[in-house]
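Have the viewer open as you read.

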Amino acid sequence: MIVLRSTGGRRVLPGFGLTLGFSLLYLSLIVLIPLSALVFKTFTLTWPQFWEAVSSPRVLASYRLTFGASLIAASVNAVLGLLVAWVLVRYSFFGKKVVDALVDLPFALPTAVAGISLTALLAGNGWIGQWLEPHGIQLAFNPNGVVIALIFIGLPFVVRTVQPVLEDTEKELEEAATCLGATRWQTFSRVIFPAIAPALLTGFAMAFARAIGEYGSVIFIAGNMPMVSEITPLIIISKLEQYDYAGATAVAVVMLLMSFALLLFINALQAWQRRRTGALS
Amino acid sequence: MSGATALQARVSRVQAGTTEPAWVRWVLITLALSFIGLFLVLPLAAVFTEALRKGFDAYWQAFQEPDAWAAIRLTLLTALVAVPLNLVFGVAAAWAIAKFDFPGKAFLITMVDLPFSVSPVVAGLIYVLLFGAQGWLGPWLQAHDVKIIFAVPGIVLATVFVTFPFIARELIPLMQAQGADEEQAAQVLGASGWQTFWKVTLPNIRWGLLYGVILCNARAMGEFGAVSVVSGHIRGQTNTMPLHVEILYNEYQSVASMLALLALVTLVIKSIVEWRHARELAASAEVPPERPSTSTASDSVWGAPA
């Protein structure tokens with residue numbers, strides 16, 4: 001046995017070169033080379049041109065809207081997603097399985113369809129809009145609509161990251177806390193919440209990252225007024241439509257850098273989460 | 001006797017201490033269900049109501065329209081190319097990553113996730129920069145009369161990009177958890193590489209694989225942003241179903257309802273796969289299971305950059 005192990009079971013299986021080679025080739029062709037085209041295109045711009053493209057007032061307004069609305073939507077998702085995950089894991093009620101399956105709807109429903117149906121609901125003549133409009137509340141065709149669409153899009157992330165962690169938390173810890181005289185709220189805030197916090201933060205970051213890049217659902221409901229309800233991805237599209245390829249690329253690079261930063265942040269969060277669950281068990 | 005009842009009282013108090021009072025439970029359930037109802041059920045209901053507003057006849061008529069047909073065909077074609085490509089990649093990448101150790105593995109996993117965190121609009125843009133009239137390869141393509149942007153190949157490429165990680169993402173953790181022991185046993189017993197894959201690995205990963213394919217397919221058929229950038233919106237030629245929905249924005253939305261129906265079918269199949277997978281795990285777990293059996297399939301999040 002020892003002899004077998006020392007030769008290393010590593011390369012006993014065939015296909016390492018083939019599968020890794022193919023994976024790297026495919027990854028390069030589909031993802032890496034096209035993405036590098038974006039970077040090289042930016043180098044054709046001089047620094048002042050680049051700065052001009054990514055910091056004009058209209059573009060700045062779109063960053064504010066995109067990041068602001070994404071932050072609000074991800075925060076709402078963190079709170080309500082935790083609530084939904086909690087209810088799905090801890091309680092039993094009629095129709096629970098259906099609700100559990102429905103949570104994934106925003107992943108399965110094409111974003112354009114989501115955008116149109118949310119607009120139909122919230123517009124002045126829609127099922128919800130018609131009750132709100134007399135009171136002067138407008139949820140479609142302004143930044144409110146952007147936030148609502150982004151809440152829809154990000155809904156599953158927090159639920160699906162928190163749910164498995166909540167399932168795995170040990171009841172014994174809660175029993176111990178109760179035996180030691182903790183109230184239910186103390187048990188939640190000091191025992192349960194710290195255990196699920198990394199997952200909650202990961203879900204929040206994922207919902208935020210998705211919201212920043214979202215396009216399909218938002219453009220239908222936003223109204224797309226320059227300076228008011230125009231998101232950054234739409235800026236890229238409208239620059240493209242005016243054949244301003246360099247300008248579109250510059251804004252896209254800014255978005256790409258944001259995505260990279262978030263991806264690294266999420267990876268770090270998950271490493272933290274793994275260390276914590278590893279330390280617990 | 002009195003000691004026993006006192007003990008019982010304490011046990012029930014501890015049990016009560018690990019859940020909430022009934023009224024809190026009901027308030028929380030009601031809040032969660034209202035949120036789900038308002039944000040998920042109502043929009044879904046609105047899609048179907050809008051589509052059927054003018055009755056079934058008008059609904060069917062909208063499908064008879066040649067442009068709608070062309071959109072449906074193009075969407076099916078796109079998914080038919082994109083899903084198998086990413087399936088082959090997913091299996092190959094998961095095999096290399098899960099069964100072998102090599103430097104830079106963690107970095108490779110991050111790169112696989114990259115398309116998830118890139119905005120769909122940026123995904124479309126990069127192909128325009130490569131293959132568009134003013135792009136790197138644009139002049140060469142024009143000279144050879146090959147059209148990629150504003151044509152079907154561009155749509156397929158953009159779709160492949162946005163659905164790139166789905167199957168790999170599903171298989172990598174699954175195959176990592178399973179390890180390489182069974183495959184090594186098969187090798188020792190004289191199986192060839194292909195035999196090992198088809199008879200040992202594939203049966204072990206089939207539910208995860210199916211799960212990934214469902215997610216990949218749903219996204220491939222529903223992608224809007226990336227496809228919108230590269231399509232050129234030529235009616236009857238380069239409009240997929242989601243783009244057709246956009247054009248008909250203010251008309252009755254038969255195609256939208258069809259896509260919504262597709263989403264529901266996806267959810268149903270996904271639930272069945274999860275349920276079958278959980279049952280199989282429970283059945284095979286003669287040794288006490290380490291964790292609740294459903295978690296393998298539902299652990300991962302669609303589109304999750306993990």
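B:D113 and B:R169 make a salt bridge, with their closest N and O atoms 2.9 Å apart; the term here means a side-chain nitrogen of Lys or Arg within 4 Å of a carboxyl oxygen of Asp or Glu. B:D113 lies in helix α5 (residues 105-117) of chain B and B:R169 in helix α9 (residues 166-178) of chain B, so the pair ties together parts that are 56 residues apart in sequence. Helices are DSSP runs of H or I with at least four residues, strands are runs of E with at least two, and both are numbered from the N terminus. Both B:D113 and B:R169 are buried, and that label means under 20% relative accessible area, with exposed being over 50% and partly exposed in between (1.4 Å probe, protein chains only).

A note on the ground rules: this is a predicted model, where local features need pLDDT of at least 70 and side-chain atom pairs count only at pLDDT 80 or more, while totals for chains, interfaces and linings use all residues. Residues are numbered from 1 along each chain as its sequence is written, chains are lettered from A and ligands numbered from 1 in the order in which they are written, and side-chain values use heavy atoms, leaving out hydrogens and water.

## Other salt bridges

Over all chains, the count comes to 14 salt bridges. One of them joins A:R58 to A:E230, with 2.7 Å between the closest N and O atoms. A:R58 sits in helix α4 (residues 57-90) of chain A and A:E230 in the loop between α12 (216-222) and α13 (232-241) of chain A, so this pair ties together parts 172 residues apart in sequence. A:R58 is partly exposed at 35% relative accessible area, whereas A:E230 is buried at 5%.

Back in chain B, B:E274 pairs with B:K270 at 3.3 Å between the closest N and O atoms. Both lie in helix α14 (residues 254-284) of chain B, four residues apart, or about one turn of the helix. Salt bridges with shared partners join A:D100, A:D104, A:R160, B:K270 and B:E274 into one network. B:K270 itself is buried, at 2% relative accessible area.

## Where the chains meet

Chain A puts 94 residues into the contact and chain B puts in 98, contact being heavy atoms within 4.5 Å. Together they bury about 8600 Å², 79% of it on carbon and sulfur atoms; buried area is the accessible area (1.4 Å probe) that two parts lose on being put together, summed over both. A:L13, A:Y26 and A:Y91 supply 8% of the area that chain A buries against chain B, more than any other three residues.

Two salt bridges cross this interface. A:D104 and B:K270 meet through their side chains in a salt bridge at 2.4 Å, N to O. On the side of chain A that touches chain B, helix α2 (residues 16-43) of chain A gives the most, with 17 residues.

## Chain B overall, and the cysteines

Chain B has 15 helices and zero strands, and 51% of its 306 residues count as buried. Of its contacts with a separation of 6 or more, 73% are between residues 24 or more positions apart.

How many disulfides are there over all chains? The structure holds zero, taking a disulfide as a pair of cysteine sulfur atoms within 2.5 Å. Among the cysteines, A:C179 is exposed at 53% relative accessible area, while B:C216 is buried at 0%.
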